[in-house]
Amino acid sequence: MNDFAKLLKAEILNGLPGTEVQWQMSTLHRVANSYPLFPGDDARVAAVLILLYPEKGTINTIFMQRPDYDGIHGGQISFPGGKKEPEDESIIQTAIREAWEETGTNPEQVSVIGTLTPLYIPVSNMLVTPVVGWTDKKPDFNNKPDEVLFLIEAELKSFLDEAIIKKKMYEVRGDMLEIKYFDYKGNTIWGATAMIFNELLAILKRGGFVLQV
């Protein structure tokens, strides 16, 4: 784990911004429909991996474009992740396993920096724990086309510019909604992924990270 990852780990341990920062990137439709903010006993447990790695002198992360299937999250851009399986020893192992299955990231190369505030997603009744991981070099990505259409390698520093945050009307399961999203090179990153990512960005801004290696 390099100096950047160690400093980020220390900054996460200093305290998490929490749900208030996550909800800054929420879609107003969620509030208008009075979705529950907290999970019930029947909520499913899941995790995503925010993978960070050095590439061409800067820090990158990876998103993936899901296939447009008939489901709640079909066609969306997300972090690698999924529900916790019985064989997973921990929620951290869930995140790393899912990243390996979906992007080909070697689990042995991932160092865990920390975890962020779990986010409850009411439409799928899922409590998602974001795990921040680090690899010392860019992984040999190999996504499975049936689960992941393509991967989006993104420079982390691009998201520190407020101009990347936009709003637009967007069709969601047949309804036209106004969404708040990150516009990364024409890719629309919104919903739970944007909310989770916004907390990490807040931590990076708080710590004054330069995001160069």
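Which residues have the most contacts inside the largest nonpolar core? They are Leu8, Leu52 and Phe159, in a core of 40 residues. The legends below take this core and its surroundings view by view. This is a predicted model, in which local features need pLDDT of at least 70 and side-chain atom pairs count only at pLDDT 80 or more, while totals for chains, interfaces and linings use all residues. Residues are numbered from 1 along each chain as its sequence is written, and side-chain values use heavy atoms, with hydrogens and water left out.

**View 1. The largest nonpolar core and the elements that build it.** A nonpolar core here is a set of buried Ala, Val, Leu, Ile, Met, Phe, Trp, Tyr and Cys residues joined through side-chain atoms within 4.5 Å. Buried means under 20% relative accessible area, exposed over 50%, and partly exposed in between (1.4 Å probe, protein chains only). Two or more residues each come from α1 (3–13), β1 (44–55), β2 (58–65), β6 (119–121), β7 (126–134), β8 (150–155), β10 and α5. Helices (H or I, at least four residues) and strands (E, at least two) are DSSP runs, numbered from the N terminus. The largest share, nine residues, is supplied by α5. A second, separate core of 15 residues includes Ile91, Ala95, Ala99 and Leu151. As general background, nonpolar side chains tend to be buried together in soluble globular proteins.

**View 2. The surroundings of Leu52.** Contact means heavy atoms within 4.5 Å. With neighbours within four places in sequence left aside, the contacts of Leu52 include Phe4 and Leu8. Ile59, Asn60 and Thr61 are also among them, as are Ile113 and Leu156.

**View 3. The crossing of α1 and α5.** The axes of these two helices come within 10 Å and cross at roughly 105°. Axes are lines fitted to C-alpha atoms, for helices over the stretch in contact, and angles run from 0 to 180 degrees between N-to-C directions. Helices α1 and α5 are therefore roughly perpendicular to each other (under 35 degrees counts as roughly parallel, over 145 as roughly antiparallel, 65 to 115 as roughly perpendicular and the rest as oblique). Phe4, Leu8, Glu11 and Ile12 of α1 meet Leu200, Ile203, Leu204 and Arg206 of α5. These contact residues divide into six nonpolar, no polar and two charged. Ala, Val, Leu, Ile, Met, Phe, Trp, Tyr, Cys and Pro count as nonpolar, Asp, Glu, Lys and Arg as charged, and the others, Gly among them, as polar.

**View 4. The open sheet β9-β10-β11.** Three strands pair here in the antiparallel sense, with β9 (165–172) and β11 (187–190) as the edge strands, each pairing on one side only. From one strand to the next, the twist averages 55°. Two strands pair if DSSP finds at least two bridges between them. β9 and β10 share eight bridges, whereas β10 (residues 175–184) and β11 pair over four. Glu171 has Met176 in β10 as its bridge partner. Phe182 stands opposite Ile189 in β11, and Tyr184 is bridged to Asn187 in β11. Helix α5 (residues 191–206) lies across β10 and β11, running at about 80° to β11.

**View 5. Gln65 and Gln76, two buried residues in contact.** Gln65 lies in strand β2 and counts as buried at 12% relative accessibility. Not counting residues up to four places away in sequence, Gln65 touches Gly75, Gln76, Ile77, Val148, Leu149 and Phe150. Gln76 is found in the loop between β2 and β3 (77–78), and is buried with a relative accessible area of 16%. Beyond its neighbours within four places in sequence, Gln76 is in contact with Met64, Gln65, Arg66 and Trp190.

View 6. Most residues other than glycine have a negative phi.
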